[in-house]
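Work through these exercises with the sequence and the 3D view side by side. Try each task before you read its solution.

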Amino acid sequence: MLKQDTSFDQCIKCTVCTVYCPVAKANPNYPGPKQCGPDGERLRIKSAEFYDDMLKLCTNCKRCETACPSGVKIGDMIAVARSKHAKHDLNIKTIRDFVLSHTDLMGSVATPFAPIVNAITGFKPVKKIMHKTIGVHDHKTLPKYSHGTFRQWYKKHCLDQTHYPQQVHYFHGCYVNYNNPLLGQDFIKVMNAMNIGVQLLDKEKCCGVPLIANGFFDKAKKNALLNTQSFEAVVEKYNSTIVSTSSTCAFTLREEYPHVLKVDNAKVADRIEYVTRFLLKAFMNGNTPKLKPLNKKVVYHTPCHLERTGGSLYTIELLKMIPGLELEVLDSQCCGLAGTYGFKTENYDTSMKIGEDLFHKIRHAKADYAITDCETCKWQIEENTDLTTIHPVSLLAMALAD
């Protein structure tokens, strides 16, 4: 039986979490993470049925945890409360939440017919219908699918990876597999330039964060168990490092599994690396690929989950190592999309208000690219600024000497 989490007792009621909460700033109906987290948990302990519908307004951005001076896992506390006590409304909007969260299923169905699916979901009358029926806001464009998956590409083009003296295993995630195989290809290009081979896991599932955000905790836990078993197998057999190109996936695999889903990943957590941390360490140890000057100006946006882990420093220092690059690091703030949060009709206005200042700064930066480590930040920035937004690894791939 799991021990009751009493970490809320560390809360000193300073309310700094609420000051830093992007939702509390944008939506006066949200009481803030202190009330929904530690204060609410005290009530939930006394009465297990206590539940505040305001918990649904939390984006799970973790900025409250980043700001907390006492180390209280406020975001985790809210997520667990939603898992235990949420009132699941059995209405048509459940279809929306299912579609937005079951990324492996939807990707498997959509990628063979990607051109058709992309055209249909981008068609204005269809977007109006989705707005009125299932609650996906008609100002949002659903992510485009790739015609063919990254794993299919890998099987055709990466038969020689075992020839490299050093190997890593790549957790590509559903975004690279179904939406942006090019990022996975860029990752392999950079690693191979460093004389490192890339292997895929025999089995992997979505990290689970969209499932957690939409209330499908049982499915998220099943995914977590499968992924953890896959990680344990490659660590035991190959003594391998598991590298992710998604800042949110890396955070979830390491931190959310034990704290939110109660899946023990202690044997492998320290072997899971976000890519820019892995690369910067390799660069500083002398394994730097030959880079050509890249005479571009870029603006860098720090994703919330990367800030939570302190990992933005690695990305920024890595970008500084690209010759000729003019780098502007934007003030750290949430883009507002927060995974699937901003797609929902009831959250759209809050989402846009959260991201408004960020969009303004990017529009006026006169940059060639925006850079971010998070796929959903990429979608939000591109949709609201018209500036091409790419991953740090893709920028590195552009700078590789021929």
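**Exercise 1.** In this predicted model, find which residues of strand β7 (residues 369-372) are buried on each face.

*Solution.* 
Step 1. In a regular strand, side chains alternate between the two faces of the sheet.
Step 2. Sort the residues by face. Tyr369 and Ile371 lie on one side of β7. Ala370 and Thr372 lie on the other.
Step 3. Apply the cut-off: buried means under 20% relative accessible area. These four residues are all buried, so both faces of β7 are covered.

**Exercise 2.** Identify the strands that pair with β7 and trace the chain from β7 to β8.

*Solution.* 
Step 1. Take strand β5 (residues 297-301). It is joined to β7 by 4 bridges, and the two run parallel. Here Val299 stands opposite Ala370.
Step 2. Take strand β8 (residues 389-390). It also runs parallel to β7, with 2 bridges between them. Here Ile371 stands opposite Ile390.
Step 3. Follow the chain. It leaves β7, passes through helix α20 (residues 375-385) and reaches β8. This β-α-β crossover is right-handed.

**Exercise 3.** Describe the largest nonpolar core, then list the contacts of Leu279.

*Solution.* 
Step 1. Size the core. It has 44 residues, and Phe187, Leu279 and Leu395 have the most contacts inside it.
Step 2. Find its main contributor. Helix α16 (residues 275-284) gives the most, with 6 residues.
Step 3. Check the domains. Domain 2 (150-206 + 213-282) and domain 3 (289-399) each supply at least three residues.
Step 4. Set aside neighbours within four places in sequence. Leu279 then contacts Val190, Met191, Met194, Leu318, Val393 and Leu396.

How values were computed. Residues are numbered from 1 along each chain as its sequence is written. This is a predicted model: local features need pLDDT of at least 70, side-chain atom pairs count only at pLDDT 80 or more; totals for chains, interfaces and linings use all residues. Side-chain values use heavy atoms; hydrogens and water are left out. A nonpolar core is a set of buried Ala, Val, Leu, Ile, Met, Phe, Trp, Tyr and Cys residues joined through side-chain atoms within 4.5 Å. Buried means under 20% relative accessible area, exposed over 50%, partly exposed in between (1.4 Å probe, protein chains only). Domain bounds come from an automatic or database domain assignment. Contact means heavy atoms within 4.5 Å. Two strands pair if DSSP finds at least two bridges between them. A crossover is right-handed if, with the strands pointing away from the viewer, the path from the first strand over the helix to the second runs clockwise.
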